[in-house]
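Open the model in your viewer and get ready to select residues. This tour goes stop by stop.

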Amino acid sequence: MKKRILCLHAHPDDAELLAGGTLALLAARGHDVVIATMTAGDCGSVEYGPQEIASIRQVEAANAAAIIDAEYHWVGFDDLAIFSDDGSRRRVTAALRRLRPHIVLTSSPRDYHCDHEATSKLVTDACFGASAPNYLTQAYDQSPALPAIPHLYYVDPAEGIDREGNTIAPQFAIDVASVMDVKRRMLEAHESQRNWLRKQHGMDNFVETMETWCRSRGALAGVEFAEGFRQYGGHAYPRTPLLQELLADLVLTVRR
């Protein structure tokens, strides 16, 4: 049956960097894919002011999503201003109710960036709250509660490590070699980030960096390119392997 998959990460280009291949595979198999970002990337520039670069990046994000016929949405936060508090949790819960996913992919709880880590916490908690009708989110959206907690997965952190350099190992990987060209085009749609990532992150070519990361995950599973995931199975959250079943022929066991 067709499923609705939401990748909700912190900034425009995060989804493409870390899960673009898997999203492309899901879309190609007829599932509805939604890419959403907590922020519009208002701090990601040395050439433009915050409002201008945010507008540019939303257009880029929508263009990247369109490559796989996916939707794009901005949840309404600003860069470096995502915090786990009551209002933020209700805002994210409202977004989940509006977008109505069966599967949610989000950022790793441990990562290099505070926005990534805060996003992971908020999305994890919002998945639980989204199906509780008495958890009120009408201040942000009028959509009703979800019928059930969606399946929740964490994508890899950048470089597969946390901010102290400790390895974050995936539970499983998806072989994305067949869609690497699509993933490259999705990332290339974020043209405004080339100069920013060169200055702030030391990436001379962010597409090459993405390929290096995908090769490193592929090496853990014996293929050329892969993306890694961990399923969250906390109490009351679904533990059935729904994402793995949708891409069963491409799911890989990773070496520990």
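## Stop 1: a pair of rings

Select Phe172 and Phe229: both are buried. Buried means under 20% relative accessible area, with exposed over 50% and partly exposed in between (1.4 Å probe, protein chains only).

A note before you go on. This is a predicted model, in which local features need pLDDT of at least 70, side-chain atom pairs count only at pLDDT 80 or more, and totals for chains, interfaces and linings use all residues. Residues are numbered from 1 along each chain as its sequence is written, and side-chain values use heavy atoms, leaving out hydrogens and water.

Stay on Phe172. Its relative accessibility is 6%, so Phe172 counts as buried. How are the rings of Phe172 and Phe229 arranged? Their centres are 5.9 Å apart and their planes meet at 25 degrees, so the pair is stacked. Rings of Phe, Tyr and Trp (its six-membered ring) pair if their centres lie within 6.5 Å; planes under 30 degrees apart are stacked, over 60 edge-to-face, and the rest tilted. Strands (E, at least two residues) and helices (H or I, at least four) are DSSP runs, numbered from the N terminus.

## Stop 2

The whole structure holds 5 aromatic pairs. Tyr153 has 0% relative accessibility, so Tyr153 counts as buried. Now select Phe128, Tyr154, Tyr232 and Tyr237. They form one aromatic cluster.

## Stop 3: two helices

Select helix H5 (residues 180-188) and helix H7 (residues 206-221). They pack at about 140 degrees, with axes 10 Å apart. Axes are lines fitted to C-alpha atoms, for helices over the stretch in contact; angles run from 0 to 180 degrees between N-to-C directions. H5 and H7 are therefore oblique to each other. Angles under 35 degrees are roughly parallel, over 145 roughly antiparallel, 65 to 115 roughly perpendicular, and the rest oblique.

Which residues of H5 meet H7? Show Met180, Lys183, Arg184, Leu187 and Glu188 in H5; they meet Phe206, Val207, Met210, Glu211 and Cys214 in H7. Contact means heavy atoms within 4.5 Å.

## Stop 4: one more helix

Finally, select helix H1 (residues 14-28). H1 packs on H5 at about 135 degrees, with the axes 9 Å apart. That makes H1 oblique to H5.
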